[in-house]
Amino acid sequence: MTAKKPAEPSPESIARSNRQRLAAEEGARAMMDVGKQAVDVRKNMARLRELRQAKEAADAALQASLPAPVPTKRKKKVTP
């Protein structure tokens with residue numbers, strides 16, 4: 001004989017379905033938060049990259065405007 005399922009769900013099955021629904025909602029919310037954080041990190045990295053490149057360009061321009069260093073001659077050691 002096969003047992004028929006009751007027409008009304010048991011309190012345990014209702015509680016389990018509620019827990020599963022809440023877990024799914026929390027999971028979706030967590031995935032959205034992770035995605036937003038990833039976007040924020042990429043924006044910050046782009047901002048920092050632009051600042052670094054601007055600083056490197058300014059340093060290169062400054063280096064190019066300075067006169068070339070004159071190499072110094074080595075002095076001979078005087079032995080007593």
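Visitor: Why is Arg52 called partly exposed?

Guide: This is a predicted model, so the answer rests on computed values. Arg52 has a relative accessible area of 43%. Buried means under 20% and exposed means over 50%, with partly exposed in between. The value for Arg52 lies in between, so Arg52 is partly exposed.

Visitor: What makes Glu56 and Arg52 a salt bridge?

Guide: The closest N and O atoms of Glu56 and Arg52 are 3.6 Å apart. The cut-off asks for a side-chain nitrogen of Lys or Arg within 4 Å of a carboxyl oxygen of Asp or Glu. The pair meets that cut-off, so it is called a salt bridge. Both residues lie in helix H1, four residues apart, which is about one turn of the helix. Glu56, at 44% relative accessibility, also counts as partly exposed.

Visitor: Why can such side chains pair at all?

Guide: Side chains of opposite charge can pair when their charged atoms come close.

Visitor: Why is Lys55 called exposed?

Guide: Lys55 has 53% relative accessibility.

Visitor: Which label goes to Asp59, buried, partly exposed or exposed?

Guide: Asp59 has a relative accessible area of 39%, so its label is partly exposed. The side chains of Asp59 and Lys55 meet in a salt bridge, at 3.1 Å from N to O. These two residues are four residues apart in helix H1, about one helical turn.

Visitor: How do you know that Arg21 and Glu25 form a salt bridge?

Guide: Their side chains meet at 3.3 Å, N to O. The limit is 4 Å, so the pair counts. Arg21 and Glu25 are four residues apart in helix H1, which covers residues 11–65, and about one helical turn separates them. Arg21 is partly exposed at 42%, and Glu25 is partly exposed at 38%.

Visitor: How many salt bridges does a search of the whole structure find?

Guide: The search finds four, among them the pair Arg21 and Glu25.

Visitor: What makes the chain more spread out than a compact globule?

Guide: The chain has one helix and zero strands. Its radius of gyration is 35 Å, whereas the globule rule gives 12 Å for 80 residues. The value is well over the rule, so the chain is more spread out than a compact globule. The C-alpha atoms fill a box of roughly 115 × 35 × 20 Å along the principal axes.

Visitor: What share of the 80 residues is buried?

Guide: Buried residues make up 0% of the chain. The accessible surface comes to about 8400 Å², and 62% of it belongs to carbon and sulfur atoms.

Visitor: How far apart are the mean positions of the positive and negative charges?

Guide: The chain has 18 positive and 9 negative charges, and their mean positions are 17 Å apart.

Definitions and conventions: Residues numbered from 1 in each chain as written. Predicted model: local features only at pLDDT ≥ 70, side-chain atom pairs only at ≥ 80, totals over all residues. Heavy atoms only, no water. Rg over C-alpha atoms; globule rule 2.2 N^0.38 Å. Buried < 20%, exposed > 50% of the residue type's maximum accessible area, 1.4 Å probe, protein only. Areas by Shrake-Rupley, 256 points an atom, 1.4 Å probe, with all protein chains shown as cover. Lys, Arg positive; Asp, Glu negative; His and termini not counted. Charge placed at Lys NZ, Arg CZ, Asp CG, Glu CD.
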